[in-house]
Amino acid sequence: AIRRELEQRPLQADDLALLAMAHLELGERETALFHAREALEILAECEAEGPEAPQQDYFYCHQVLAVTGHPEEARQALQAAHDLVMARAEKITDPALRQGFLDNVAQNREIIAAWQAIKATH
């Protein structure tokens, strides 16, 4: 609500994706789906520029969409999360630091593993 009042729309994606996950955990699937889709709309508008953790937002939305029975949208959100992680990794010139970014950051590791699992089934 505060970010809406301050008109910080890109930052709202972080809040909405987290709210989506919270509602999913509470078993409130329709509300979770509503928040996930709103987060995805914002991420598309701002082209993932502005949110604090757009790769995490996409990953949370992926999880909500997958559980609520929207596999194609879930795959698209996961691909966006994966693409962001890999794009950021490419900017790290030191190979050891780049590998650490991919392997040691739990969220990145989860995104990569989920993407590899989807790619293995297609």
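How many salt bridges does a search of the whole structure find? The search finds two. Both are described below, after a word on the model.

## Model and confidence

This is a predicted model. The protein chain has an average pLDDT of 94. A score of at least 70 is reached by 96% of the residues.

Helix H1 (residues 2-5) has the lowest mean pLDDT among the elements of the protein chain, at 69. H4 has the highest, at 98.

## Salt bridges

The whole structure holds two salt bridges. One joins the side chains of Glu73 and Arg37, with an N to O distance of 2.6 Å. Glu73 belongs to helix H5 and Arg37 to helix H3, so this pair ties together parts 36 residues apart in sequence. Glu73 is partly exposed, at 29% relative accessibility. Arg37 is also partly exposed, at 33%.

The other pairs Glu72 with Arg75. Their closest N and O atoms are 3.0 Å apart. Here both residues lie in helix H5. They sit three residues apart, about one turn of the helix. An α-helix has 3.6 residues a turn, so residues three or four places apart point the same way. Glu72 has a relative accessible area of 42% and is partly exposed. Arg75, at 22% relative accessibility, counts as partly exposed too.

## The nonpolar core

The largest nonpolar core has 33 residues. Leu40, Tyr58, Cys61 and Val64 touch the most other members. Five helices each supply at least two residues of this core: H2 (9-25), H3 (29-46), H4 (54-67), H5 (71-90) and H7 (106-121). H5 gives the most, with eight residues.

Leaving aside neighbours within four places in sequence, Cys61 is in contact with Ala17, Ala36, Ala39, Leu40 and Ala77.

## Helix H4

Is H4 largely enclosed or largely open? Of its 14 residues, 10 are buried, so H4 is largely enclosed by the rest of the structure. The buried set includes Pro54, Gln55, Asp57 and His62. It also includes the aromatic residues Tyr58, Phe59 and Tyr60. Cys61, Val64 and Leu65 are buried as well. These buried residues pack against H2, H3, H5 and H7.

The helix length agrees with expectation. At 1.5 Å a residue, the 14 residues of H4 should span 20 Å. The end C-alpha atoms of H4 are 20 Å apart, which agrees. Just after H4, Gly69 takes a positive phi of about 85°.

## Cysteines without a disulfide

The structure holds zero disulfides. The cut-off for a disulfide is 2.5 Å between sulfur atoms. The sulfur of Cys61 has its closest cysteine sulfur in Cys46, 12 Å away, and that is too far for a bond.

Technical notes:
Residues are numbered from 1 along each chain as its sequence is written. This is a predicted model: local features need pLDDT of at least 70, side-chain atom pairs count only at pLDDT 80 or more; totals for chains, interfaces and linings use all residues. Side-chain values use heavy atoms; hydrogens and water are left out. A nonpolar core is a set of buried Ala, Val, Leu, Ile, Met, Phe, Trp, Tyr and Cys residues joined through side-chain atoms within 4.5 Å. Buried means under 20% relative accessible area, exposed over 50%, partly exposed in between (1.4 Å probe, protein chains only). Helices (H or I, at least four residues) and strands (E, at least two) are DSSP runs, numbered from the N terminus. Contact means heavy atoms within 4.5 Å. pLDDT is the predictor's confidence in each residue, from 0 to 100. A salt bridge is a side-chain nitrogen of Lys or Arg within 4 Å of a carboxyl oxygen of Asp or Glu. The expected span of a helix is 1.5 Å times one less than its number of residues.
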